Amino acid sequence: MTEHAGRVYVITGAASGIGAATAAILAASGARIVSVDLRDADVIADLGTLDGRQALSEGVTALVPSGIDAVIACAGVGSEDAVAVAVNYFGMVATLERLRPLLRPSLAPRAVGVASMAAIHPVDDRLVSTMLDGDEPGALSRAARLAEDPGTAGLIYGSTKRAFARWIRRSAPSQAWAAAGIALNAISPGIVLTPMVEGLMRDERWRASLATGAPMPLKGMMPPEVPAHLLAWLVSPQNSHMCGQIVYVDSGADAVLRGDATW
Ligand SMILES: NC(=O)c1ccc[n+]([C@@H]2O[C@H](COP(=O)([O-])OP(=O)(O)OC[C@H]3O[C@@H](n4cnc5c(N)ncnc54)[C@H](O)[C@@H]3O)[C@@H](O)[C@H]2O)c1
């Protein structure tokens with residue numbers, strides 16, 4: 001028996017990469033997994049769309065009407081475009097908000113999202129604030145404009161992750177989450193060897209940007225099991241008091257880039 005035995009966890013993006021590794025670890029620990037993805041999942045939903053977010057709520061509720069113990073919002077894309085805004089910010093926030101009522105019956109409810117080390121990279125402040133205002137059409141159109149210019153396109157992914165990390169900081173200590181007994185946190189991985197990164201690795205400019213954007217003094221790039229074990233602990237009953245933290249599992253990149261200004 002493990003601390004996860006008998007618990008029910010919803011994992012988005014469970015068909016690949018970090019989500020798949022997390023699902024495997026937690027299922028092997030005795031948890032029931034409800035997987036959500038575009039394909040190969042219990043609930044098929046495109047979280048970048050309103051219809052897909054509705055399919056998420058309806059599909060999960062139909063499968064586990066008596067409630068769940070945790071949500072792991074992992075589904076995301078690595079692109080620098082409006083789709084990243086729709087999936088990485090609005091899809092992730094919608095996942096956490098829409099599934100929150102299902103956490104009510106749990107004795108140890110937990111929620112966690114996957115941000116990124118890119119949250120500390122340069123961002124477009126207007127795009128970030130438009131996302132935090134909840135203005136999805138405005139954010140999509142801002143991202144589409146940024147994507148047209150090679151000088152600004154590279155700001156979009158980091159902006160989605162910065163906005164998500166700030167949403168976590170704002171939301172976690174609130175009535176809806178902490179006062180309801182739900183521990184809400186996020187992780188910010190460095191470079192994880194998943195299909196998302198395998199695609200980016202083919203881009204020479206992306207590889208060249210790693211040395212400055214992603215210094216990794218502790219062992220370099222990591223397999224998906226590394227952030228997966230952290231996610232598993234964050235949804236365990238043992239994580240009783242962590243609230244609103246963005247945990248960097250990034251081989252030291254945050255410590256190098258932000259130094260001792262952040263503690
Ligand atoms: N790989 C990295 O280096 C890295 C680093 C930091 C953060 N992240 C974040 O980790 C998360 C998982 O990424 P990964 O590296 O495992 O990538 P991945 O491509 O291996 O897996 C992502 C999964 O999300 C699903 N997905 C994508 N769009 C979706 C949508 N609209 N609706 C539902 N599901 C959708 C995909 O189908 C896929 O199964 C993402 O949020 C990503 O931004 C990854």
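The model is predicted, so local features need pLDDT of at least 70 and side-chain atom pairs count only at pLDDT 80 or more, while totals for chains, interfaces and linings use all residues. Residues are numbered from 1 along each chain as its sequence is written, and side-chain values use heavy atoms, with hydrogens and water left out.

**Exercise 1**

Describe how helix 4 packs on helix 5.

Solution. Begin with the elements: helices are DSSP runs of H or I with at least four residues, strands are runs of E with at least two, and both are numbered from the N terminus. The axes of helix 4 (residues 125-132) and helix 5 (residues 136-148) come within 9 Å and cross at roughly 160°. Axes are lines fitted to C-alpha atoms, for helices over the stretch in contact, and angles run from 0 to 180 degrees between N-to-C directions. Angles under 35 degrees count as roughly parallel, over 145 as roughly antiparallel, 65 to 115 as roughly perpendicular and the rest as oblique. Helix 4 and helix 5 are therefore roughly antiparallel.

Next, list the contact (heavy atoms within 4.5 Å). Helix 4 supplies Arg126, Leu127, Thr130 and Met131, and helix 5 supplies Gly138, Ala139, Arg142, Ala143 and Leu146. By class, this contact has five nonpolar, two polar and two charged residues. Here Ala, Val, Leu, Ile, Met, Phe, Trp, Tyr, Cys and Pro count as nonpolar, Asp, Glu, Lys and Arg as charged, and the others, Gly among them, as polar.

**Exercise 2**

Characterise the second largest pocket by its volume and lining.

Solution. A pocket is an open set of points on a 1 Å grid over the protein atoms alone, where a 1.4 Å probe fits, with protein on both sides within 12 Å along at least five of seven lines; lining residues have an atom within 4 Å of a point. The second largest pocket holds about 300 Å³ of space, a volume being the space filled by probe spheres set on the points, which are joined across faces, edges and corners.

Its lining comprises 13 residues, with Arg169, Ile246, Tyr248, Arg258 and Thr262 nearest the centre. Two or more lining residues come from each of helix 6 (156-171), strand 7 (246-249) and helix 10 (253-258). Helix 6 gives the most, four residues. By class, the lining has six nonpolar, two polar and five charged residues.

**Exercise 3**

Solution. Leaving aside neighbours within four places in sequence, alanine 41 contacts Ser35 and Val36. The C-alpha atoms of alanine 41 and valine 60, 19 residues apart along the chain, are separated by 11 Å.
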